Amino acid sequence: MVLQTKRRGNRVAPVIKALFGIKYHPNHVGRLLGPIGWSCQRPTPRVLQRNEPALRRWQQATWPRLKKALNESRIIVFIDESGLSQKPHPVRTWAPRGQTPVLALDFTWKQLSVSGGITGGNFYF
């Protein structure tokens, strides 16, 4: 479960009350969760459309060829397009230590798009 809030305990305290019938002030939730191995963390955003098999194929087939080209002093330009949106960024939340929460995002942009290229020493927009 990913709990997201401006004040770190605002959403955790009601869950504790609903599950256990015990009311805690949101500011005191950290005192409960810390000793049981939870820490406040920022979730790693991961798009819903992420294609893990395609990503592994790229890492195994394409990336070694790119590294070889870099060793041969070739110029490689990475070109990307990015959308700008007013969607909120992930805020800190509580999770067990060492288990960074993943926040699933719907990566469908309906805003401004920007494209650019980057090399080892230059930027192109």
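Accessible areas here come from the Shrake-Rupley method with a 1.4 Å probe, and for residues only the protein chains shown count as cover. On that basis the chain exposes about 9,800 Å², and carbon and sulfur atoms supply 56% of it. This is a predicted model, in which local features need pLDDT of at least 70 and side-chain atom pairs count only at pLDDT 80 or more, while totals for chains, interfaces and linings use all residues. Residues are numbered from 1 along each chain as its sequence is written, and side-chain values use heavy atoms, with hydrogens and water left out.

Let us start with the overall layout. The chain holds three helices and seven strands; helices (H or I, at least four residues) and strands (E, at least two) are DSSP runs, numbered from the N terminus. Read from the N terminus on, the elements follow the order α-α-β-β-α-β-β-β-β-β. Of the 125 residues in the chain, 20% are buried, where buried means under 20% relative accessible area, exposed means over 50%, and partly exposed lies in between (1.4 Å probe, protein chains only). A contact means heavy atoms within 4.5 Å. Among contacts in the chain between residues at least 6 apart in sequence, 74% join residues at least 24 apart.

Now step inside. A nonpolar core is a set of buried Ala, Val, Leu, Ile, Met, Phe, Trp, Tyr and Cys residues joined through side-chain atoms within 4.5 Å. The largest such core has seven residues: Val12, Ala13, Ile16, Val29, Leu33, Cys40 and Trp94. Two elements, helix H1 (12-20) and helix H2 (29-33), each give two or more residues to this core, and H1 gives the most, with three.

After H1 comes Gly21, whose phi is positive, near 75°. Ile22 sits in the loop between H1 and H2. With a relative accessible area of 40%, Ile22 is partly exposed. Leaving aside its neighbours within four places in sequence, Ile22 is in contact with Ile16 and Lys17, and Ile16 is one of the core residues.

Pro45 counts as partly exposed, at 45% relative accessibility. The C-alpha atom of Pro45 is separated by 5.9 Å from that of Val102, although the two residues are 57 apart along the chain.

The surface has a nonpolar side too. Patches are made of residues with over 30% relative accessible area and no salt bridge, with like charges joined within 9 Å and nonpolar side chains (Val, Leu, Ile, Met, Phe, Trp, Tyr) within 5 Å. Trp58, Trp63, Leu70, Phe78 and Ile118 form a nonpolar patch on the surface, with about 450 Å² of accessible area together. Helix H3 (residues 52-71) supplies the largest share of this patch, three residues. Phe78 belongs to strand S3 (residues 78-84), and at 39% relative accessibility Phe78 counts as partly exposed.

Finally, turn to the charged side chains. A salt bridge is a side-chain nitrogen of Lys or Arg within 4 Å of a carboxyl oxygen of Asp or Glu, and a search of the whole structure finds three of them. Arg50, Glu52 and Arg56 are linked in a network of salt bridges. Between Glu52 and Arg50 the closest N and O atoms are 2.4 Å apart, while between Arg56 and Glu52 they are 4.0 Å apart. Arg56 and Glu52 both lie in helix H3, four residues apart, about one turn of the helix. Another salt bridge joins Arg74 to Glu72, with the closest N and O atoms 3.1 Å apart. In this pair, Arg74 is exposed, with a relative accessible area of 53%, whereas Glu72 is partly exposed, with 39%.
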